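Hi,

Here is the structure I promised to pass on. Have a look at it first, and my notes follow below.

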2 protein chains.
Amino acid sequence: MTAYEQLCGHFSKLANLNGAAAVLHWDAAAMMPTGGAGARAEQLATLSLLGHEMLCAGEIGDLLEQAENADLDPWETANLREMARKRRHATALPGDLVTAMSHAGSACEMAWRTAREADDFSALRPYLEEVVSLTIEAAAAKGAAFGCAPYDALLSQYEPGLQGSDIDRHFDTLADFLPDLLDRVLDRQTVPPAAPESMPVQAQERLSRRLLAALGFDFEHGRLDISLHPFTGGVADDVRLTTRYDEADPLGSLFPALHEGGHGMYERGLPAQWRRQPVGQAMGMAIHESQSLLIEMQVCRGDAFLGFLAPLLAEMGGLSGPAWEAPGLARRVRHVARSLIRVEADEVTYPLHVIHRYRLEKALLSGDLDVADLPGAWSEGMAHLLGIEVPSDRLGCMQDIHWMDGAFGYFPTYTLGAMAAAQIYRAAVTALPDLPEHLSLGDFNPLMSWLAEHVHGQGRLHRSADDLLQAVTGAPLNGAIFREHLEKRYLSG
Amino acid sequence: MTAYEQLCGHFSKLANLNGAAAVLHWDAAAMMPTGGAGARAEQLATLSLLGHEMLCAGEIGDLLEQAENADLDPWETANLREMARKRRHATALPGDLVTAMSHAGSACEMAWRTAREADDFSALRPYLEEVVSLTIEAAAAKGAAFGCAPYDALLSQYEPGLQGSDIDRHFDTLADFLPDLLDRVLDRQTVPPAAPESMPVQAQERLSRRLLAALGFDFEHGRLDISLHPFTGGVADDVRLTTRYDEADPLGSLFPALHEGGHGMYERGLPAQWRRQPVGQAMGMAIHESQSLLIEMQVCRGDAFLGFLAPLLAEMGGLSGPAWEAPGLARRVRHVARSLIRVEADEVTYPLHVIHRYRLEKALLSGDLDVADLPGAWSEGMAHLLGIEVPSDRLGCMQDIHWMDGAFGYFPTYTLGAMAAAQIYRAAVTALPDLPEHLSLGDFNPLMSWLAEHVHGQGRLHRSADDLLQAVTGAPLNGAIFREHLEKRYLSG
């Protein structure tokens, strides 16, 4: 076996370990009884440490050196590059720090569940301080190893090649025009027609499954279950989607299901011949989010799809009458509001929630902001960016799980994903001029085949999201397209 | 840290790895879509190999030597003994063989699901031949390493200290008296009163949960789900029970749920201060089975409990009338029949199914029986031991999963468990004279407290099932008590 082939064997085992952890994470959110949390945290910490040790083993370093001059095709070359990337991230951290972060994250997450419920930030504070302190340590170690800014080192865990300066550029532009655009949208929009909004949970579930089937989601290779916060987990051949059901809010289960379906189709569409190899994985979290938002926001809140959805809501969910016909439905699913909760935000205000978190997490990690001062800083930022008063920490700085688990550097990818979604969808519409007709019939095949070829099936062949976008759309990430999408959808007509 | 303390750290990680695998096994049976099987097999093979490598690491051998003369209390001493036992089992096998067995087992299990459905033994045969061949190799390696017979080496994976000669002694006695006892039971029993036998699945599930709650099963630390074959999985702090529901066969969900509940209570009752240490695990599979059969067979098919169950069947399941009152119910749940399927067998014929498999698996592993000749040998044995003709391999040698996965040496523990259940229950009744009154009210507390103290909480402190039985009942495994139980229940009154 060549050095490269031996590396493939090692990285395949690593993927198995990570796949096991992914299913256990899903189980913890969708199935596990509360009393299992301690044992699960221990299991995940051990899997995480073993993966770390596997990557740090001297043998991998030797093999990577030996493989450097091998004669490889472009996919193999990209695979080797991603192997080296993973190893760089692992060797930058001592094993003790990896274990400490895993334990601190689990402890903070458990403390957060109780503290959020009780709206008691002081109960969370020591746990979050520990997580922030360990993250600062990890960011410094990675920054020193990679020769980059500590925050950029964290970013690169989620989005290879992305730098804080790129985000600043994109987000400063957004922060410039969005508050004004928001004012104008709010000025002109009217309240959607009132309607009895109730659908039995079983009907919501049937309809969610019906819509996922229309997307092309393969239930032989995946499931749909319930969790507090919808997410996509599992592995490419066994994709676990979740949503949540509230009888009084049927659209609150359907759109999350469609969103996660977009993620799930990306996972399923990753190149099967590169399963369990680094190059066979998703490009990064921004492109991942672009695939969920392309489905949820670009397609499913657009007129063509709503023309397909409205009769289904009547037929399968008993929601009929003018309020639920396509024009009323459109006003309902595109209603914009200044709101407190990121995951419930519309696509106009969502980026402001993200910019807010991006600024705060940079301040936390640079030491400019103490955890103790987070609630105050949260309120200030929300007032400034969204013009809204925060009544409690539960609805403020304790609403998200990300920081609890040490996922700093992740938030920006949501909005970069929204921008990429607009850009990729425009390219798809250009390539497939009769796409709207297909979508109005619930036929996702042309769109999904196009995405499978140009995005999903590319895995991690490209060096960065910008390189992928260049190949798919002819240009790197271009925020103007997202702005044009928002202006067209919310300010014209 | 002392060598012993360092060992505890290593074995705690090993328990985490095994715990992760246990949850993934449960998921595969209860949740996973069929298309996830390949990825899951890879994940489990990697976890299994990593556990093997962890045990085989030279460091563990050094630490075990250093800890030999340490000053340890009896629990620590037993823990060290069990650590050494696990290492002996691991080091006896090369890593390649472990991986090959894991893959062959997964492949055979997948082939078996299809072949059984199609009643096509020839499609299964090459996969099973591979599993048998690898098992022979593993048994020979372990036998050589331990200085014992190859089959005894396999037995000791499931039941420390157990030898084939012990089983022969017990099983020859059973095979002597059971066929005659079976004739006498069949002669005197009458068909239970006919009754409309249907209960909605939701009512069966509610009643299963009600009965598990009566047992003391803690749903904060466990779940009840559905699988093709009921089993107990997960870990001690997160016990995953399964049963199955058939509207036309309500008792066919309730008794399996009670059986698995017995297993689950054992897992939950293992000594919490020894969680994730070898001495904190179950004594062995025979004692594990004794705890499920003590609940299902000794208690729940007995008159006292049936007096509690009958009104619940009426109230929660709508099953009323004379056929469902305690005397009719008793005839129903104690009905004995010569039958083809082990998992559906009553407690009189069940041991004959097990003896049959025990003899066949010994012949397969010694080379006296070729896999190709298994169907014929199966039919012969069933005719001889149970006096029944086998119409198909699906209802014959392809009915069980155990051999497909390489679990040779496991079957005997079912019947040793049934014998131990009778013996332990007699000791419990002697210690708790008013036990029947409590059970007739659905009050399991006194029994469960007694089992928690004398059996569950003992973990793996004792060297063998016989040693535990000696401590709990004053004697090693005594088959006469099981015989007396059968004669009293099925031939008296």
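In chain A, 72% of the contacts with a separation of 6 or more are between residues 24 or more positions apart (a contact means C-beta atoms, placed from the backbone, within 7 Å). Bear in mind that this is a predicted model: local features need pLDDT of at least 70, side-chain atom pairs count only at pLDDT 80 or more, and totals for chains, interfaces and linings use all residues. Residues are numbered from 1 along each chain as its sequence is written, with chains lettered from A and ligands numbered from 1 in the order in which they are written.

On overall shape, a compact globule of 493 residues would have a radius of gyration near 23 Å, and chain A agrees with its 22 Å (taken over C-alpha atoms; the rule is 2.2 Å times the number of residues to the power 0.38). The C-alpha trace of chain A spans about 65 × 50 × 45 Å along its principal axes.

Chain A has 20 helices and 3 strands (DSSP runs numbered from the N terminus: H or I of at least four residues for helices, E of at least two for strands). The 3 strands make an open, mixed sheet in the order 1-3-2, where strands pair if DSSP finds at least two bridges between them. Strand 1 (222-226) and strand 2 (232-235) of chain A are at the edges with a single partner strand each, so one side of each has no neighbour in the sheet. Strand 1 of chain A runs parallel to strand 3 (residues 238-243) of chain A, joined by 5 bridges; Asp225(A), for instance, has Thr242(A) as its bridge partner.

Between them, 45 residues of domain 1 of chain A are in contact with 38 residues of domain 2 of chain A. Helix 6 (121-146) of chain A is among the elements on the domain 1 side, and gives the most to that side, with 14 residues.

As for the other chain, 30 residues of chain A contact 30 residues of chain B.

Cheers

Note on methods. Two residues are in contact if their C-beta atoms, placed from the backbone, lie within 7 Å.
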